[in-house]
Amino acid sequence: MKILVLEDDLETAAALRVGLVRDGHEVVLAPDVASANEAIYSSAFDAAVLDVVLPDGSGYDVLSMLREKLPSAVTVMLTARSSIEDRVRGLDRGADDYLIKPFAFAELAARLRALRRRPQGEATNHTIRELELDTSRHIAAVRGERLELTPIEFGLLSMLVRLRGEVITRGELLREVWGYDFDPTTNVVDVHVNRVRRKLESQGVSDLIRTRRGEGYSVDK
Amino acid sequence: MTNRFVRSLRRTDGRAAIVIATTVLTVSVLQSWFLYRYVAVEALEQADAWVDHSLHTIHREVSNQIDPTEALAEFGRSLDDGQAAARVTTRSGAVSTWGAWPKPEQTQPAVTGEDTRSLFDADLLKPGILLYASTSLADGGLLEAVVSLDPFAEEAFEVRDALMFFTVLLSASGLFAAISATFWAFKPLRDATDSLNHVGPHDLSNRLVDRGTLDPIDRHARELNQKLEDIEASFARIRAFGNEIAHEFRTPLNRIAMVADVASGGTEEEARAALSSIRATAGDLSRLVDSLLMISEVENHGATIAHQPIDVAERLSKVVALYEPAFSDRDSPLRIELSPANITGVPELFDRVIINLLENVLQHTPARTEIEVDCRIDWGRVLITVDDSGDGVPGSTPDEMNSIFDRFARGPGEHGQGHGLGLALSRTIARFHGGDLTVDTSRLGGARFVWWSPLRNDPPYTR
C-alpha cells in the first residue's frame with residue numbers, strides 16, 4: 001500500500017522507508033507539516049505514519065487534514081514523549097494507533113498490516129500445525145481436542161498466531177494482552193509464555209512459540 | 001540586580017534619617033512655639049493686671065481730686081523705664097494728661113475683668129507697645145491709662161531666645177542622631193546585602209551575617225540563610241542528577257560503539273548478533289528516558305492530568321495476577337488480602353507503582369521468598385503494603401533505608417539491572433496521589449513497602 005511517512009529526522013525516515021519498501025509498500029517521505037499537506041493534496045494514501053513533534057507544527061494538524069481528505073487512510077502516530085495525555089489526544093483526534101519512540105520496526109509493520117485488515121474483518125479462525133484457534137469464541141484445540149487456556153494465555157497465543165512470522169516484543173505482549181504499557185526487566189511475561197508452551201507440549205505441539213533472544217517471541221509462518 | 005538593591009538600600013538609609021530628623025525638628029519647633037506662647041501670654045496677663053491696677057489707683061486719686069502724677073511716677077518707677085501715662089477727658093472735652101501719652105498705633109487694648117487671653121495674643125508682645133485701659137468717671141468724664149509692655153516682654157523674650165537656641169541645638173542633634181542611628185540600624189542589613197553580592201550561580205556557599213540575636217534583621221538573615229541552604233542543596237542535587245544521567249548514558253553508548261566497531265569487521269552472523277545487542281541497548285536507553293520523562297511529567301505537569309476513581313482491590317488483583325506465575329515458578333508463596341477501597345487518581349500510574357514494587361521484589365529476592373500483598377482502609381487512608389521475607393533493604397535507620405527511593409539508587413553489587421528509577425518514579429506517583437511510599441522492615445523479615453493514599457473524595461482530590 002501507499003504510505004505517507006511524516007518524520008523530520010532524516011536517518012529515521014530513511015530507515016523507515018527501507019523497511020516499509022522491503023515489506024512491499026510504496027513510501028512517500030515528508031520532513032515537515034507543509035510538505036505532508038502538499039503530498040496529501042496531490043496524491044491518495046492508504047496509510048500514514050505521523051511524527052508528532054515537527055519543526056513547523058504538530059503531526060496532529062496533518063492528522064486532521066488527512067481525516068478530512070482521506071477518511072479511509074490508516075494512521076499511526078509516533079510520539080517521542082511518554083506522555084499519557086499525548087497518547088489519549090492522538091486516539092481522540094482519530095488516529096488509529098500510536099507508537100512510542102523508539103519502537104521496534106516489526107511492531108510498526110505489524111500494526112499497519114493489522115489496521116489495514118481491520119475494516120474488512122480479520123479472520124477469526126487460525127490453523128497452524130495441529131493447533132486450531134477460534135478467536136471469536138476463545139477456543140483453542142489440538143487435533144480437535146480442546147486445550148484449556150486461561151483468558152490471558154489464550155490472548156498470548158492468539159496474538160502470536162495472528163501475527164505469525166513477526167517478532168513480538170514482551171512490551172507489546174503486555175500492552176495487547178494485559179493493557180500495561182511498560183517494558184519488564186524481569187521474566188514476568190516469559191513465565192506466562194512458558195505456561196502456554198507447557199500446555200501445548202502436553203498435547204504434543206512442541207516448539208511452536210520460539211524465543212528470539214533479546215527481542216521477544218514469534219510463531220513461524 | 002544585587003547592586004541595585006544595595007543602592008536603593010542606601011537611599012533607604014537617607015530616607016529614614018530624613019524622616020527621623022524632620023520629626024525631631026517639627027516636635028522641637030512646635031514645643032518651643034507653645035512654650036513661648038505660654039510664657040508670652042503669661043506676661044501679657046501680668047501686664048493686663050498691672051494696667052488694671054494702675055487704672056484703679058489713678059481713678060481713686062482723680063476721684064479724690066489728687067494729682068495722679070505721684071502715683072504714675074510710682075508705676076513708672078516700678079516699671080523701671082517709667083513708661084506709664086494717664087489722661088482724663090472731662091464731659092466738656094478738656095483733656096489733662098500725666099506722663100507722655102503715646103501715639104494710637106503704639107497701644108493695644110488690655111484684657112481685664114472676666115475676659116482671658118488666648119495663645120494667639122502672644123503676637124501682641126512686641127517692644128514699644130503699651131497696654132491701654134479706660135474707665136468712666138462719676139462726673140461723666142473718661143479716664144484712660146497706658147502702661148508699657150516692655151518690662152513684661154523682656155522676660156518672655158529671654159525665654160524665646162533660649163527656646164530658639166535649644167530648638168536649633170535639638171534639631172542639629174536630632175539630625176545627627178537620625179543619621180547615625182539609621183546608619184547603625186541598617187548596618188547589619190547592609191552587611192547582609194554585601195554578603196549577598198557574593199552569592200551567585202557559581203557560588204551559593206556565602207551566607208548572610210547573623211549575629212544570633214532576636215533582632216528582626218538577624219531573624220530575616222536566618223530565614224534567608226535557610227532558604228539559601230535549601231537552594232544550595234537542590235542545586236547540588238540537580239548537578240549530581242545531571243552527572244548521574246550522563247553516567248547512565250555513557251555505558252550503553254560506549255557499548256553500542258564497541259559492538260558496532262567489532263561487528264563491522266566480522267561475519268554476517270556476528271553483525272546480526274551485534275545489531276540485536278544494539279537494539280536491546282537502545283531499548284534500555286529509551287526505558288531510561290521514558291522513566292525520567294514520566295517522573296518529570298508527574299512532578300511538573302501532574303496537576304493537569306485528569307483524575308478518575310480507582311477501585312484499588314480490582315486493579316491490584318489484576319497486576320498481582322500478572323506476577324503470580326512468576327512467583328509460583330520460583331516457589332515463592334504469594335498471599336494477597338484485599339479489602340474494598342477506592343482512591344482517586346490516574347489508573348495507569350497506579351498500576352505502574354504496583355508493577356514497579358512487584359518487579360522490585362521479583363528482582364531482588366531469592367527463590368522461595370514469601371510475598372504478601374495487602375490493601376485495607378486504615379485511619380481514613382488506603383494502605384497498600386507489599387511484604388517479603390527476603391534480605392530486606394540495606395540500612396539501619398529509616399532514612400538510610402528510604403534512600404532506595406533516590407534516583408539512580410542501586411543496591412550493593414547491582415550492575416546493569418535497571419537504572420534505579422523504578423522506585424523513584426513510584427514514590428513520585430504516590431506523592432502525586434496525595435500520599436507517600438516508604439520502606440520499612442517487614443515482620444516476614446524482608447522489606448515492607450507501604451503506600452498510603454487518601455480515601456476517594458478526601459481533599460485534595462475533590463475536584
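Helices (H or I, at least four residues) and strands (E, at least two) are DSSP runs, numbered from the N terminus. By that rule, chain B of this predicted model has 9 helices and 12 strands. Chain B and chain A bury about 2500 Å² between them, where buried area is the accessible area (1.4 Å probe) that two parts lose on being put together, summed over both.

**Chain B**
- Of the 463 residues in chain B, 38% count as buried (under 20% relative accessible area, 1.4 Å probe, protein chains only).
- Chain B exposes about 25600 Å², with carbon and sulfur atoms supplying 57% of it (Shrake-Rupley method, 1.4 Å probe).
- Among contacts (heavy atoms within 4.5 Å) in chain B between residues at least 6 apart in sequence, 67% join residues at least 24 apart.

**Interface of chain B and chain A**
- Chain B contributes 30 residues to the contact and chain A contributes 27 residues.
- Carbon and sulfur atoms account for 55% of the buried area.
- There are 0 salt bridges between the two chains (a side-chain nitrogen of Lys or Arg within 4 Å of a carboxyl oxygen of Asp or Glu).
- Helices H5 (268-301), H6 (312-329) and H7 (347-364) of chain B each supply at least two residues of the side that touches chain A.
- H6(B) gives the most to that side, with 11 residues.

**Basis of the values**
- Residues are numbered from 1 along each chain as its sequence is written, and chains are lettered from A in the order in which they are written.
- Local features need pLDDT of at least 70, whereas totals for chains, interfaces and linings use all residues; side-chain values use heavy atoms, leaving out hydrogens and water.

Technical notes
This is a predicted model: local features need pLDDT of at least 70, side-chain atom pairs count only at pLDDT 80 or more; totals for chains, interfaces and linings use all residues. Buried means under 20% relative accessible area, exposed over 50%, partly exposed in between (1.4 Å probe, protein chains only).
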